[in-house]
Amino acid sequence: MEECGVCEDCIDVCVEEAIERKAYTVTIDPEKCDNCGECVDVCPVGAIYEE
Ligand code: SF4
Ligand code: SF4
């Protein structure tokens, strides 16, 4: 797994606003996430992956 550079591209792309910015990474709220996969596609370093 590559490290998140907090570029915030995934935050911009998430229509559910499920992604929250942290100091050195981002977190996804599984309660809000509808698994659309948009953030996985947009992340330039592949830091987001499906579980
Ligand atoms: S998969 Fe989830 S976190 Fe990612 S963009 Fe879609 S709703 Fe947002
Ligand atoms: S998970 Fe990827 S797209 Fe989201 S902020 Fe980190 S590096 Fe950018």
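1. Cys-14 sits in the loop that joins helix H1 (9-13) to strand E1 (19-21), where helices (H or I, at least four residues) and strands (E, at least two) are DSSP runs numbered from the N terminus. With a relative accessibility of 15%, Cys-14 counts as buried, because buried means under 20% relative accessible area, exposed over 50% and partly exposed in between (1.4 Å probe, protein chains only). Between the C-alpha atoms of Cys-14 and Val-42, which are 28 residues apart along the chain, the separation is 9.9 Å.

2. The model is predicted, and local features need pLDDT of at least 70, side-chain atom pairs count only at pLDDT 80 or more, while totals for chains, interfaces and linings use all residues. Residues are numbered from 1 along each chain as its sequence is written, chains are lettered from A and ligands numbered from 1 in the order in which they are written, and side-chain values use heavy atoms, with hydrogens and water left out.

3. Cys-14 also belongs to the largest nonpolar core, which has 7 residues, the others being Cys-10, Ala-18, Ile-19, Val-26, Cys-39 and Ile-48; such a core is a set of buried Ala, Val, Leu, Ile, Met, Phe, Trp, Tyr and Cys residues joined through side-chain atoms within 4.5 Å. Not counting residues up to four places away in sequence, Ile-19 touches Cys-10, Ile-11, Cys-14, Val-26, Thr-27, Ile-28 and Cys-39, with contact taken as heavy atoms within 4.5 Å.

4. Which residues are found around ligand 1? They are Cys-14, Glu-16, Ile-19, Ile-28, Cys-33, Asp-34, Asn-35, Cys-36, Gly-37, Glu-38 and Cys-39, a residue being near a molecule or strand if one of its heavy atoms lies within 4 Å of it. By class, this shell divides into 6 nonpolar, 2 polar and 3 charged residues, where Ala, Val, Leu, Ile, Met, Phe, Trp, Tyr, Cys and Pro count as nonpolar, Asp, Glu, Lys and Arg as charged, and the others, Gly among them, as polar. Cys-33, listed in this shell, is partly exposed at a relative accessible area of 27%.

5. Ligand 2 is surrounded by 13 residues, of which the closest are Cys-4, Cys-7, Glu-8, Cys-10 and Cys-43. Its shell comprises 10 nonpolar, 1 polar and 2 charged residues. Cys-7 is partly exposed, at 44% relative accessibility.

6. A search of the whole structure finds 2 salt bridges, each being a side-chain nitrogen of Lys or Arg within 4 Å of a carboxyl oxygen of Asp or Glu. In one of them the side chains of Arg-21 and Glu-8 meet at 2.2 Å, N to O. This pair links distant parts of the chain, with Arg-21 in strand E1 and Glu-8 in the segment before H1, 13 residues apart. Both partners count as partly exposed, Arg-21 at 44% relative accessibility and Glu-8 at 26%. The side chains of Glu-20 and Lys-22 also form a salt bridge, at 3.7 Å, N to O; here Glu-20 is partly exposed at 45%, and Lys-22 is likewise partly exposed at 36%.

7. Leaving aside neighbours within four places in sequence, Arg-21 is in contact with Val-6, Glu-8, Ile-11 and Val-26. Two of these contacts deserve a check of the backbone: phi of Val-6 is near 50 degrees, a positive value in a residue other than glycine, and Glu-8 has a positive phi of about 70 degrees although it is not a glycine.

8. Val-13 is found in helix H1 and, at 24% relative accessibility, counts as partly exposed. Apart from neighbours within four places in sequence, Val-13 is in contact with Glu-38, Cys-39 and Val-42. The C-alpha atoms of Val-13 and Asp-41, 28 residues apart along the chain, are separated by 9.7 Å.
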